[in-house]
Amino acid sequence: MAQQSKSSRSAGVSRLPGTRRARRFVRNAGIVAALGGVMSAAVPAVAGAATASTSSRPSVTFSFVNNQVSSGTQPELTYSARNLPRGSGLYLQWQYGSANAWTYLQTLPGATGTVTVPADPAGVFAYRIRALDGPDVLAVSAPRFLWVAQASGCDVCQIVGDLGPVAAALIGVLFG
């Protein structure tokens, strides 16, 4: 009869060649199975935390009540901001001319609302909203375009106004 160690006798395993390797394999498989259960429970929790953090990012959206107006008409826009820290501010910017520089136009009150902006001359203008906390930029909205047609007596302005959707697509490709 083969000689047995105290621990293998209690387990009922004789000391035959390969038995030690088999016991180690069974022990390691149990550890791996236990860790696998822990990991499968932890992975959804980590994924849920990542989803929660991205959904709590600050964001700003807006749209014009009417994005095609006549010159001299003050357009209205509706805006909404989410997940902004207390003390942060919303600032409306516009882009005009060939410089492609954004210029601050006005500060927006509150996190949501509808405001009237100054009237523009005839042309196509880009607008956006920036959310700032001091010097830190928290969020920037997608740009929106406003088409301003000459009030009356301008055939070229009427043609440009009629091409508004085509111009919007082209401007969106170039500057979007």
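Helices (H or I, at least four residues) and strands (E, at least two) are taken here as DSSP runs, numbered from the N terminus. By that count the chain has four helices and nine strands, laid out along the sequence as α-α-β-β-β-β-β-β-β-β-β-α-α. This is a predicted model, where local features need pLDDT of at least 70 and side-chain atom pairs count only at pLDDT 80 or more, while totals for chains, interfaces and linings use all residues. Residues are numbered from 1 along each chain as its sequence is written, and side-chain values use heavy atoms, with hydrogens and water left out.

**Overall picture**

- Of the 176 residues in the chain, 22% are buried (under 20% relative accessible area; exposed is over 50%, partly exposed in between, with a 1.4 Å probe and protein chains only).
- Take the contacts (heavy atoms within 4.5 Å) between residues at least 6 apart in sequence: 58% of them join residues at least 24 apart.

**The β1-β3-β6 sheet**

- Strands count as paired if DSSP finds at least two bridges between them.
- Three strands make an open sheet in the order β1-β3-β6, with antiparallel pairing.
- β1 and β6 (112-116) are the edge strands, each pairing on one side only.
- From one strand to the next, the twist averages 20° (axes are lines fitted to C-alpha atoms, and angles run from 0 to 180 degrees between N-to-C directions).
- β1 and β3 run antiparallel and are joined by six bridges, with serine 63 partnered by threonine 78 in β3.

**β4 and its partners**

- β4 is mostly covered, with six of its seven residues buried.
- β4 pairs with β7 in the antiparallel sense over seven bridges, and tyrosine 91 stands opposite arginine 130 in β7.
- β4 also pairs with β5, again antiparallel, over six bridges; here leucine 90 has leucine 108 in β5 as its bridge partner.
- β4 and β5 make a hairpin with six residues between them, and glycine 97 in the turn has a positive phi of about 75°.

**Aromatic pairs**

- There are seven aromatic pairs in the structure (rings of Phe, Tyr and Trp, its six-membered ring, with centres within 6.5 Å; planes under 30 degrees apart are stacked, over 60 edge-to-face and the rest tilted).
- Tyrosine 91 and tyrosine 104 have ring centres 6.0 Å apart and planes at 85°, so they go down as edge-to-face.
- That pair links distant parts of the chain, with tyrosine 91 in β4 (residues 89-95) and tyrosine 104 in β5 (residues 102-108), 13 residues apart.
- Tyrosine 91 counts as partly exposed at 25% relative accessibility, and tyrosine 104 is partly exposed too, at 43%.
- One aromatic cluster is formed by Phe62, Phe64, Trp94, Tyr96, Phe125 and Tyr127.

**The nonpolar core**

- The largest nonpolar core has 20 residues, and Leu77, Tyr79, Leu90, Tyr127 and Ile129 touch the most other members (a core is a set of buried Ala, Val, Leu, Ile, Met, Phe, Trp, Tyr and Cys residues joined through side-chain atoms within 4.5 Å).
- At least two residues of this core come from each of β1 (59-64), β3 (76-82), β4, β7 (123-133) and β9 (144-149), and β7 gives the largest share, four residues.
- Leaving aside neighbours within four places in sequence, tyrosine 79 has contacts that include Thr61, Phe62, Leu90, Leu108 and Ile129.
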